[in-house]
Structure formats: C-alpha cells, structure tokens
Amino acid sequence: MRAARLIKMVLLLQSRPSMTGAELARRLEVSERTVARDVSALSEAGVPVYADRGRSGGYRLIGGYRTSLTGLGRTEAEALFLSGVPSALREMGLADAASAARLKVSAALLPELSDAPTSAAQRFHLDAPGWWQPAEPPGLLPAIADAVWDDRWITARYRRSDTEVKRELEPYGLVLKAGVWYLAARTDGDHRVYRVDRFTAVAADERRFLRADDFDLPAFWDERAAQFTRSLLRERVELRLTPDGARRLPYVMDRTAAREALTGAAAPDGQGRVTVTLPVESLDVAYEQLLALGPEAEVLGPPDLRERFAEAAARGAQLYAGRQGRTGPSGA
C-alpha cells in the first residue's frame with residue numbers, strides 16, 4: 001500500500017512544478033505528517049525530492065528527474081478508455097484505476113503539454129444519468145463488472161415480474177442508458193439483456209467463457225434497443241398537424257417514430273397541415289402525450305381516441321368560457 005502511494009507521489013510531483021504538503025495530502029488521502037515521512041523515504045531511496053520552506057513553499061523534483069514507472073497495467077489501461085464517464089467508473093469500482101492511469105499519462109507528457117488533462121476536463125464533461133434519476137448505483141454492479149472484465153461465468157438470481165429466477169450467464173458487457181445499467185449476457189447460446197438493478201444475487205465462479213469473436217457490444221445494443229422500441233409501439237393513431245404541431249411532435253412522442261411518420265407524410269393541405277400515421281405505445285399514453293400539442297394536433301383516429309380529445313376540448317372550452325379578463329378563480 002505504501003509503495004503504491006510513494007509511486008503516486010513521484011508521479012504527482014513529476015506532472016507539476018511543485019505541490020504543497022496540503023495538496024499532496026489531499027490527493028493521496030493521507031495527513032501532511034504522512035506526506036513528510038514519505039518524502040523522507042523517497043529521499044533516502046535516491047529520489048531527488050526538494051522541500052521549499054516558507055508560506056509559498058512545497059515539494060518538487062530537482063535536476064529534471066523523471067521516473068520510468070509510467071507503464072500502464074491492464075486494469076489501468078482499460079479504465080483509461082472509460083475515463084470520460086466518471087460516474088460510470090465510480091459505480092463499477094474503477095475510479096482508482098482510472099485515476100492512476102490518468103496520472104501516469106500526465107507524467108509521461110512533455111512539459112509543454114502538462115496542462116492538457118486539466119484543459120480538456122474544464123471544457124468537456126459527460127453526465128450520463130438522466131434527470132431525476134436515483135443517485136444510488138445497483139449494489140451488485142461492481143461484482144458484475146469484475147466478472148465482465150475477467151470473462152467469468154456468473155450464477156445469478158434475477159427478479160422478473162413477481163418471481164425470481166436463477167440463471168447461469170456469460171456476462172459479455174455493460175451498458176449505461178439514461179442512468180440505468182444493463183448487462184448483455186449469453187445464456188443457452190443466445191445473447192440477452194438484463195437490468196442490473198433487478199439482480200438480487202450474483203456469484204462469479206472459476207470458469208471462464210470464450211467470447212465470440214464476432215460479438216460487437218455497441219451494434220448488439222443498438223439492435224436490441226431498436227427492437228425494444230418497436231415492441232412498445234403497438235397501436236396507431238392518425239393525426240392532422242399544423243406546422244407548429246409537426247415541429248413539436250418529436251419532442252412529445254417517441255422521436256424516431258415521430259420523424260419517420262413525418263417523413264412518410266403526404267404534402268401539406270391548403271392550410272399547411274400534414275396528416276401522419278404515428279405508432280404509439282398505447283392509446284392511453286398517446287392521449288397523455290398528445291395533450292401537450294393542444295390545438296396544434298387534431299386526432300383523426302381511432303374513433304375512441306378522437307372522442308376523448310373532443311371531450312377534453314369541450315371541457316376546456318367550458319372552463320375558460322366567459323372568463324376573459326378575470327384575474328383569479330373568483331373573478332376578483
């Protein structure tokens with residue numbers, strides 16, 4: 001543990017002109033007294049660490065010293081490719097590996113490029129989870145991530161509807177979609193998708209599986225996501241949209257389905273309105289979503305849905321009738 005900390009201290013000092021004891025203590029998660037002891041140990045080992053005294057003092061390497069201890073380990077190298085998604089790294093238990101990898105890369109940079117990591121971090125940040133998502137990651141995610149990295153079989157219990165099922169899985173890959181983690185795994189020769197937060201128990205065994213050479217995780221996910229979306233859109237509604245309604249439709253309905261419907265629409269009528277046939281999850285969901293378009297969308301069918309919108313329009317007209325210019329519920 002101490003050896004790793006000493007190496008990290010050297011790399012930190014190598015990547016900057018100097019650092020105060022407080023800065024080193026914070027980065028190494030130790031006390032300033034421990035920093036001072038570690039500096040003495042490095043000096044005794046022949047590493048030229050110099051202590052500048054005074055209020056603006058600190059520690060620095062002298063004589064252009066550069067360590068050769070910058071080789072990336074496998075875990076660090078793999079984590080480095082995920083370093084643009086810090087929340088995902090933390091949830092999978094890889095934050096420390098990514099930090100060490102970034103530090104080693106920083107230490108290997110030429111002096112004139114030493115500010116590149118900070119410069120990039122201040123300009124680009126990826127916040128993967130969606131708004132209003134729970135902050136707690138699935139508790140079993142780190143164990144599943146370890147099995148994914150090691151290509152180890154897992155025996156898992158999975159909550160499906162009101163029952164739990166036991167599965168033996170080959171965990172191929174993890175996907176973070178809108179703050180929700182999914183596992184792509186092979187079972188019985190077929191690749192399937194599981195929500196990680198529905199696993200109730202996971203145990204990795206000593207068996208390793210042989211990955212299929214032709215498996216492409218991004219392509220697999222894109223295909224399954226498209227299939228999932230299509231499976232949800234089981235109903236059809238016919239709409240007549242004003243130009244503003246057509247513009248807003250992709251923002252209130254499934255975006256892909258809305259754009260495909262608009263692309264396939266006939267030319268606008270004399271009032272500039274277009275008629276589209278739109279796939280929807282259900283008529284109830286369509287009712288809730290299309291209400292957001294107000295008078296910019298007219299439902300032509302199915303008849304039951306059109307009748308619901310006619311009733312909603314009548315209630316709205318009755319609610320606002322004769323109330324123009326009034327400022328409060330009581331007309332005061």
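Figure 1. Ile 154 has Ala 204 of β7 as its bridge partner. The coordinates shown here and in the other views are those of a predicted model. A second pair in this view is Tyr 158 with its bridge partner Phe 199 in β7. Strand β3 covers residues 152-160 and is joined to β7 by six bridges, the two strands running antiparallel.

Figure 2. Seven bridges link β3 and β4, which pair in the antiparallel sense.

**Figure 3. The five-stranded sheet.** This open sheet has the strand order β6-β5-β4-β3-β7, and the pairing is antiparallel. Its edges are formed by β6 (190-195) and β7 (199-208), each of which pairs on one side only. From one strand to the next, the twist averages 45°. In a regular strand, side chains alternate between the two faces of the sheet.

**Figure 4. Helices α8 and α9 on the five-stranded sheet.** Helix α8, residues 141-150, lies across β3, β4 (163-177), β5 (180-187) and β7. The direction of α8 is at about 70° to β4. Helix α9, residues 217-232, also packs on the sheet, where it touches β4, β5 and β6. The angle between the directions of α9 and β6 is about 75°.

**Figure 5. The packing of α10 against α11.** Two packed helices are described by the angle between their axes and the distance between the axes. For α10 (residues 243-252) and α11 (residues 255-263), the angle is about 155° and the axes are 7 Å apart. Because angles over 145 degrees count as roughly antiparallel, α10 is roughly antiparallel to α11. The crossing of α10 past α11 is right-handed. On the α10 side, the contact is made by Ala 246, Leu 249, Pro 250 and Tyr 251. On the α11 side, the residues are Arg 255, Ala 258, Arg 259 and Leu 262. By class, this contact has six nonpolar residues, two charged residues and no polar ones.

**Figure 6. The three-stranded sheet.** Three strands in the order β9-β8-β10 make up an open sheet with antiparallel pairing. The edge strands, β9 (274-280) and β10 (297-301), each pair on one side only. Direction ignored, neighbouring strands of this sheet are turned by 35° against each other on average. Strand β8, residues 235-241, pairs with β10 in the antiparallel sense over four bridges. In this pairing, Arg 240 has Glu 298 of β10 as its bridge partner.

**Figure 7. The protein chain as a whole, for reference to the close-ups.** The secondary structure of the chain comes to 13 helices and ten strands. Of its 332 residues, 32% count as buried. Among contacts in the chain with a separation of 6 or more, 62% are between residues 24 or more positions apart.

Notes:
Residues are numbered from 1 along each chain as its sequence is written. This is a predicted model: local features need pLDDT of at least 70, side-chain atom pairs count only at pLDDT 80 or more; totals for chains, interfaces and linings use all residues. Side-chain values use heavy atoms; hydrogens and water are left out. Two strands pair if DSSP finds at least two bridges between them. Axes are lines fitted to C-alpha atoms, for helices over the stretch in contact, and angles run from 0 to 180 degrees between N-to-C directions. Contact means heavy atoms within 4.5 Å. Angles under 35 degrees count as roughly parallel, over 145 as roughly antiparallel, 65 to 115 as roughly perpendicular and the rest as oblique. A crossing is left-handed if the near helix is turned anticlockwise from the far one by less than a right angle, and right-handed if clockwise. Ala, Val, Leu, Ile, Met, Phe, Trp, Tyr, Cys and Pro count as nonpolar, Asp, Glu, Lys and Arg as charged, and the others, Gly among them, as polar. Buried means under 20% relative accessible area, exposed over 50%, partly exposed in between (1.4 Å probe, protein chains only).
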